[in-house]
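The following report describes selected features of the structure shown below.

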Amino acid sequence: MHIVALGLNHQTAPVATRERLAFKTEELPEVLRRLRAETGLSEALILSTCNRVELYGISNTLDDCHARLIKFLADYHQIAAADFADKLYFHTDSEAIHHGFRVASSLDSMVVGEPQILGQFKDAFAIASAESSTGLILNRFLHRSFFIAKEVRTRTKIASNAVSVSFAAVELAKKIFGELNGKKVMLIGAGEMCELAARHFINQGIEQVLVTNRTLSRAQQLADEFSGIALPFDIFRGQLDQADIILSSTGAPDYIIGPDEITKALKKRRNRPMFLIDIAVPRDIDPKVNDLDNIYLFDVDDLQDVVTENLDQRRNEAEHAEELVNREVEKFEQWLASLSVTPTIKQLREKVLAICDQEINKTLAGFSDLDPKDEKRLKAMVNAIGNKFLHHPISYLKAKNAATDTQPATTIREIFKLDDN
Amino acid sequence: MTTTIYIFLLCGALALYSLSMVSGLLHLLRPRPQKSLWCKRFISAGVTLHLLAFVERCFQAQTLAVTNLHESLSFFALLLGLVFLLIYRKIPLPTLGTFISPMLVVFTLWALATTHTITPQPPILRSFWLPLHVLLSFAGNAFLVLGCIISIMYLLQEHLIKKKQIKGIFRNLPALGKLDESSYLCLRCGFPLLTLGIISGSVWASFAWGSHWSWDPKETWSLITWLLFAALLHGRMNSGWRGRKASLLTIIGFAAIMFTFLGVNLMLSGLHSYAAH
């Protein structure tokens, strides 16, 4: 019994290939049925997202399993196997387990640590299990994957730093102010980027949004959306002191805010700190402003640097996550191996009870006028002897750790001649 | 025999402070919430042992055991630890423990390295005012020293943000707003205590020596320290001083405290000198 994983992802295949092999959610139940029927997998699951297409399955044999799966993909999508076969990876046993755990934990994602993949994996599992396409092994495999993904998330800092410019701005604001409750944000210019960042800030408990724009109606529109206040563009400089956070993204060719305006605002604010975010290109705020005490100015490049740095940090944290995943792979393999004693136990029981049956029937054939009640009692006695006899060998098999020691199962199989019928 | 118990407790406290320093540093390098918790737990445990040691010492000496250099250093470390725990309850700053534990280690270690025989007190100094004066001044100074450490963290963090060095330990330092807030809190707690400490000292001096103020070096330097912090408090309350400027002044104030506390006693001689014994 082998666990196998075949697929391609953003690293191995370009989007053109990925989209040709992708499966639509609504066709998955049908695909799963065909997959099991055509390839002989006893359990199967398909994970199809914009970054990856992967088949997970349980196969009795590894002989030409790879080829059968490729043929299935080629047949189903009506593409020549040669067009995509070299972009596929095929993992078996511990490697397949390792791969699945890494994918669920978002270690294999384009943006390491992004949270969507876990949800996508869970959806794929829901579809497969509704189709009864997953059984004992895949069910446990997926539950373990989800558990590990959660462990990775809580025990490492893999997902803790912003990897988008607008969210990086929110994190910096928290580093400056501590908490954002009760703070005020001013948006200068009503661009899309500004809007996105403002939305992040509002989610963090910002008290009020002030919006200013050269066209007042546009400012009013945005202000309404955030239940904020619109300011005419020609008076906003006088109101700068009200804002703790200023987001600027106008199309102005020159600086619209310089050290003079900010110094005045600071005086009115009694030096309470201000965080200025300049996402305009060309820039709106004179960089000299950053030299003032209690003023923190970040332009779009600075924010981009923060994001790059955060991505590096995520890669560092990913190393710890990998260790965690490796340990879990080992545990899962042990469980899988323990499954392998189950058939031995089953066969042993069948063999002994078959002998009991055979012998009692032979004996019963010799009686001519046996009371049916007595016949029943005789059969029960013979079965009891069989079961009592089985008790010790079975508990012996169960007690041994099948992952580390396969000898007991082999010995029992030899003694009772379970392998030749 | 009893001294052994005292030294044993003090060494235990030192060991716990060292453990808190190690877990604090580990937290700074690779932050995990559990680690900062451990740092604080070790400090709490260390302070408890230290407090027991101090009480034991007071029973032996039959007075508030702050009479020589050894006892002063040890008592100061104890108060610094206590004050840290108090401020932490009010404004929890996870990495503050990392910065405070080395101070605790240094002061306790230094205390253990100096002679720790009990100094018999001259009768002239025996008064209800002496322990009060010592307690108030030390507590005030402990708050102000803690404020200084927080200010150092503030300057570090501010420098990193200004230079856009958003990496390494930047991630683990507390937010600027929180640092400034707790530094201000330390000032508001420490300054009144220091003021009362100086007043109680002056009252006691009038009983002991018959004059309120005799311009001995320690008195002069505490006055300088007091004036510095008075200016800082005034600036913070009325002129919107905060952040960098306030932090720099706090650090200058810290230098003045350290000179008043140790420099005066070790370098200059006068009424407050330990060297006299």
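In this predicted model, strand 9 (residues 274–278) of chain A is joined to strand 10 of chain A by five bridges, and the two run parallel. Within this pairing, Leu276(A) has Leu297(A) in strand 10 of chain A as its bridge partner. Both strands belong to an open sheet of six strands in chain A, ordered 7-6-5-8-9-10 with parallel pairing. Strand 7 (229–232) and strand 10 (295–299) of chain A are the edge strands; each has a single partner strand, so one side of each has no neighbour in the sheet. From one strand to the next, the twist averages 20°.

Strand 1 (residues 2–9) of chain A runs antiparallel to strand 3 of chain A, with eight bridges between them, and Leu6(A) stands opposite Leu55(A) of strand 3. Strand 2 (residues 43–48) of chain A also pairs with strand 3 of chain A in the antiparallel sense, over six bridges. Here Leu45(A) has Tyr56(A) of strand 3 as its bridge partner.

| Strands of chain A | Sense | Bridges |
|---|---|---|
| Strand 1 and strand 3 | antiparallel | eight bridges |
| Strand 2 and strand 3 | antiparallel | six bridges |
| Strand 9 and strand 10 | parallel | five bridges |

How many residues of strand 3 (residues 52–59) of chain A are buried? Eight of its eight residues are, and the strand is mostly covered.

Helix 4 (residues 93–104) of chain A has 12 residues, and its first and last C-alpha atoms are 17 Å apart, close to the 16 Å expected at 1.5 Å a residue. Nine of the 12 residues are buried, so helix 4 of chain A is largely enclosed by the rest of the structure. The buried residues are Ala96(A), Ile97(A), His98(A), His99(A), Gly100(A), Phe101(A), Arg102(A), Val103(A) and Ala104(A). Ser106(A), which follows helix 4 of chain A, has a positive phi near 65°.

Helix 7 (residues 165–177) of chain A has 13 residues, which should span 18 Å at 1.5 Å a residue; its end C-alpha atoms lie 19 Å apart, in agreement with that value. Its buried residues include Ser166(A), Ala168(A), Ala169(A), Leu172(A), Ala173(A), Lys175(A), Ile176(A) and Phe177(A). Just after helix 7 of chain A comes Gly178(A), with a positive phi of about 90°.

Leu339(A) is part of helix 11 (residues 300–339) of chain A. With 14 other C-beta atoms within 10 Å, Leu339(A) is partly exposed. Pro372(A) lies 33 residues from Leu339(A) along the chain, and their C-alpha atoms are 41 Å apart.

At the level of domains, chain A comprises domain 1 (2–160), domain 2 (165–303) and domain 3 (340–415). The C-alpha centres of domain 2 and domain 3 of chain A are 80 Å apart.

Chain B comprises domain 1 (1–121) and domain 2 (128–277). Their centres, taken over C-alpha atoms, are separated by 19 Å. To the contact between them, domain 1 of chain B gives 23 residues and domain 2 of chain B gives 25 residues. On the domain 1 side, helix 3 (69–90) and helix 4 (96–113) of chain B are the elements that give two or more residues. Helix 3 of chain B gives the most, with nine residues. By class, this side of domain 1 of chain B has 19 nonpolar, three polar and one charged.

Between the chains, 14 residues of chain B are in contact with 16 residues of chain A. On the chain B side, helix 5 (129–162), helix 6 (176–208) and helix 8 (243–267) of chain B each supply at least two residues. That side of chain B has four nonpolar, three polar and seven charged residues.

Note on methods. Residues are numbered from 1 along each chain as its sequence is written. Chains are lettered from A and ligands numbered from 1 in the order in which they are written. This is a predicted model: local features need pLDDT of at least 70, side-chain atom pairs count only at pLDDT 80 or more; totals for chains, interfaces and linings use all residues. Two residues are in contact if their C-beta atoms, placed from the backbone, lie within 7 Å. Helices (H or I, at least four residues) and strands (E, at least two) are DSSP runs, numbered from the N terminus. Ala, Val, Leu, Ile, Met, Phe, Trp, Tyr, Cys and Pro count as nonpolar, Asp, Glu, Lys and Arg as charged, and the others, Gly among them, as polar. Domain bounds come from an automatic or database domain assignment. The expected span of a helix is 1.5 Å times one less than its number of residues. A residue is buried if 20 or more other C-beta atoms lie within 10 Å of its own, exposed if 12 or fewer, and partly exposed in between; C-beta atoms are placed from the backbone. Two strands pair if DSSP finds at least two bridges between them. Axes are lines fitted to C-alpha atoms, for helices over the stretch in contact, and angles run from 0 to 180 degrees between N-to-C directions.
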